[in-house]
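Subject: Structure for you to look at

Dear colleague,

Please find below the structure that I promised to hand over, followed by some notes on what was found in it.

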Amino acid sequence: MDDRTKVAVIYYSATGITYQMAQAACEAAGEAGAEVRLRKVRELAPDEAIRSNSGWQAHVLETQDVPEAQLDDLSWADVVIMGSPTRYGMVAAQLKQFIDTSGPLWAQGALADKVYTGFCSTATAHGGQEATLLSLYTVFYHWGGIVVTPGYTDPSQFVAGNPYGASHTSNNGEVAPDHVALAATALTAKRAVALASRLRRGGAAG
């Protein structure tokens, strides 16, 4: 029987920025000993909108083999890590639509007492990174979840500068996540796995 901590990394990405951060979260969680699922949420944009942006269309093709997130992924996981680009200081509609399907699990209490965290990207500096993460965490509070953040628990966070979660400024999708953003994503994932593993062993959270 596989007794590893189970991690679901669930994300939305149009041109690949948050996808790269999702991959970093998966890698870090795996290095921390977890069993990991990478899942994208369903695209809602019309085909003509996707075709109008070469980067968007290329990313859709690049990730066509990544499974779409299902409610079973939430049920299965001990840790849920969600990632999204920012849309007006909130998560993208695609991720929100998936979240909105979780009502039956929430009503059963099946989402409570799991560990949750998140990451995001924005097109510009000060583009709503902290607001997006805080709005995402509001969902986790409603679910009865345990929210884990990177805080300033590692010297690298004084460079990254966002204690609420990993974030990146992409300059409208032109700048890929750098080592600072990817390190913050990895730190966030490893902290979430570490806490979930302690809780599963019956250890203290502190």
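**Salt bridges**

The side chains of D73 and R39 come together in a salt bridge, with 3.3 Å from N to O (a salt bridge being a side-chain nitrogen of Lys or Arg within 4 Å of a carboxyl oxygen of Asp or Glu). This pair joins distant parts of the chain, since D73 lies in helix 4 and R39 in strand 2, 34 residues apart; helices (H or I, at least four residues) and strands (E, at least two) are DSSP runs, numbered from the N terminus. Both D73 and R39 are buried, where buried means under 20% relative accessible area, exposed means over 50%, and partly exposed lies in between (1.4 Å probe, protein chains only).

Before going further, please keep in mind that this is a predicted model, in which local features need pLDDT of at least 70 and side-chain atom pairs count only at pLDDT 80 or more, while totals for chains, interfaces and linings use all residues. Residues are numbered from 1 along each chain as its sequence is written, and side-chain values use heavy atoms, with hydrogens and water left out.

A second salt bridge connects R37 with D72, whose closest N and O atoms are 3.2 Å apart. R37 counts as buried at 19% relative accessibility, whereas D72, at 46%, counts as partly exposed. Taken together, R37, R39, D72 and D73 form a linked network of salt bridges.

The search of the whole structure finds seven salt bridges, and one of them is between the side chains of E31 and K190, at 3.5 Å from N to O. That pair links helix 1 (residues 17-31) to helix 9 (residues 179-200), its members being 159 residues apart. E31 is exposed, with a relative accessible area of 55%, while K190 is partly exposed at 37%.

**Strand 5**

Strand 5 (residues 115-122) is mostly covered, as eight of its eight residues are buried. In a regular strand the side chains alternate between the two faces of the sheet. Both faces of strand 5 are covered, with V115, T117, F119 and S121 buried on one side and Y116, G118, C120 and T122 buried on the other.

Strand 5 runs parallel to strand 3 (residues 79-87), to which seven bridges join it, and V80 has Y116 as its bridge partner. Strands pair if DSSP finds at least two bridges between them, and strand 5 also pairs in the parallel sense with strand 6 (residues 146-147) over two bridges.

Best regards
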